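Trainee: Could you take me through one part of this model slowly, and show me how that part sits in its chain?

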Amino acid sequence: MSALLRVQDLAVARGGRPVLEGVSFALAPGQALILRGPNGVGKTTLLRTLAGLQPALAGRVAYPEDAGAYASHADGVKATLTVMENLAFWADVHGRAVPEDVLDAFDLAGLRERMAGTLSAGQKRRLGLARLAVIGRPVLFLDEPTVSLDGFSVRLFTAFLRDRHLAAGGVAVIATHIDIGLDAASLDLAAFRARPGGAQGSDEAFL
Amino acid sequence: MIALLRRDLRLAVRAGGGFGLGLAFFLIVIVLVPFGVGPEGAVLARIAPGMLWVAALLAALLSLDRIFALDQEDGSLPLLATSPLPLEAVALAKGVAHWLTTGLPLTLAAPGLGVLLNLAPGAYGWLVLSLALGTPALSMIGTFGAALTVGIRRGGLLMSLLVLPLYVPVLIFSAEVVRRGAEGMAVATPLAMLGGVTAGCLAALPFATAAALRINLR
């Protein structure tokens, strides 16, 4: 099967300083990849680069246009909108409707009309993750998706990833420190640390 | 784009959204002017066009730093950047939302406040017209300034310093429209210049704003 997401010899920089180099992998539809590595190794930087939020120093990232979605520590949840309004906004921006069962899938049905500002950290996190089900993008870049989730919610999220997202032919790259119970390959980024004195400065290329 | 516009308008009227803040500021500044310069009708009438426009400009400045800062804080901005909506459309939607919540109310309230400053009877129509034509430029320039300073903590003051000089052409031409209107002179030239500035801002600044956002998101 041909790969949906292909990364070749990618080098990424944070604040102009190279942090990772030579990262290569390919994911066929239905596959997920877990990124591992100590704090500061460049997991977030790699995910932001993959999502197109910052330019790569070198290498290639290939996936179909408008197929990628990014989810970070911040959920993009508006405190003065209700749970449903938050989801409906993202659905609207992506030109879709909110699927009927998405609130149940993330255990948010009872919170439908609650203001997002009154949700607990874990509930807000679930709402942020429910956005991924609403926008229905096939290539997900997830940065610590399980922060502040309890064990039950982690299982809900894993079930969403496995049974809805990956089963439908999507792929996911997930940076996480815990075992989310997903049957997926993992990649230790510590092996790709950029050599000091290697590729220098990113600014020249863009000025 | 409509979705983003609708969300921003809804956020503006909800608690803490800041809708009406600019309007209240405009009202208070105009009420303060006669206390400062004295109640002489002739003096007030002479400075009214300029005062009304300076006050409107500062009122529009007041809510600028929320345009992108709030979306940056809660992480919506990178999510919008990876959505199918181009950042240029995001910039335009943000500018339009700012105008609808600030510029439009200012335009509608200005005639009432003109009375407080003893504005010449012939100038009311021109005051409304100049605000209707000029405030969209204020919103678009402000959106650009907000995009430039989006990554900076408490960048509001820096943004004011960046944005206020850019407001000068709008201020000159629009205050001139009102002044000439008050004195019964022809207003076509400043009006055309004002229209030109606004049209240029609407056409060019969404692209500049999007470019600034891309750099700041990096």
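Mentor: Happy to! One definition before we start: two residues are in contact if their C-beta atoms, placed from the backbone, lie within 7 Å. Keep in mind, too, that this is a predicted model. Let's look closely at helix 9 of chain B, which covers residues 168-182.

Begin with its length. The helix has 15 residues, and at 1.5 Å a residue they should span 21 Å; the C-alpha atoms at its ends are 21 Å apart, so the two values agree.

Now for its surroundings. Eleven of those 15 residues are buried, so helix 9 of chain B is largely enclosed by the rest of the structure. Among the buried ones are Val170(B), Phe173(B), Val177(B) and Val178(B), and the list also includes Glu176(B), Arg179(B) and Arg180(B). What lies over them? The cover for the buried residues includes helix 3 (41-62), helix 7 (124-148) and helix 10 (188-217) of chain B. After helix 9 of chain B comes Gly184(B), which has a positive phi, near 75°.

Step back to the whole chain and you will find ten helices and zero strands in chain B. Its radius of gyration is 18 Å, close to the 17 Å from the globule rule for 218 residues, so chain B is as compact as a globular protein of that length. Of these 218 residues, 49% count as buried. Among contacts in chain B with a separation of 6 or more, 80% join residues 24 or more positions apart.

Methods. Residues numbered from 1 in each chain as written. Chains lettered and ligands numbered in written order. Predicted model: local features only at pLDDT ≥ 70, side-chain atom pairs only at ≥ 80, totals over all residues. Helix = DSSP H or I, 4+ residues; strand = E, 2+ residues; numbered from the N terminus. Rg over C-alpha atoms; globule rule 2.2 N^0.38 Å. Buried ≥ 20, exposed ≤ 12 C-beta atoms within 10 Å, placed from the backbone. Expected span 1.5 Å × (residues − 1).
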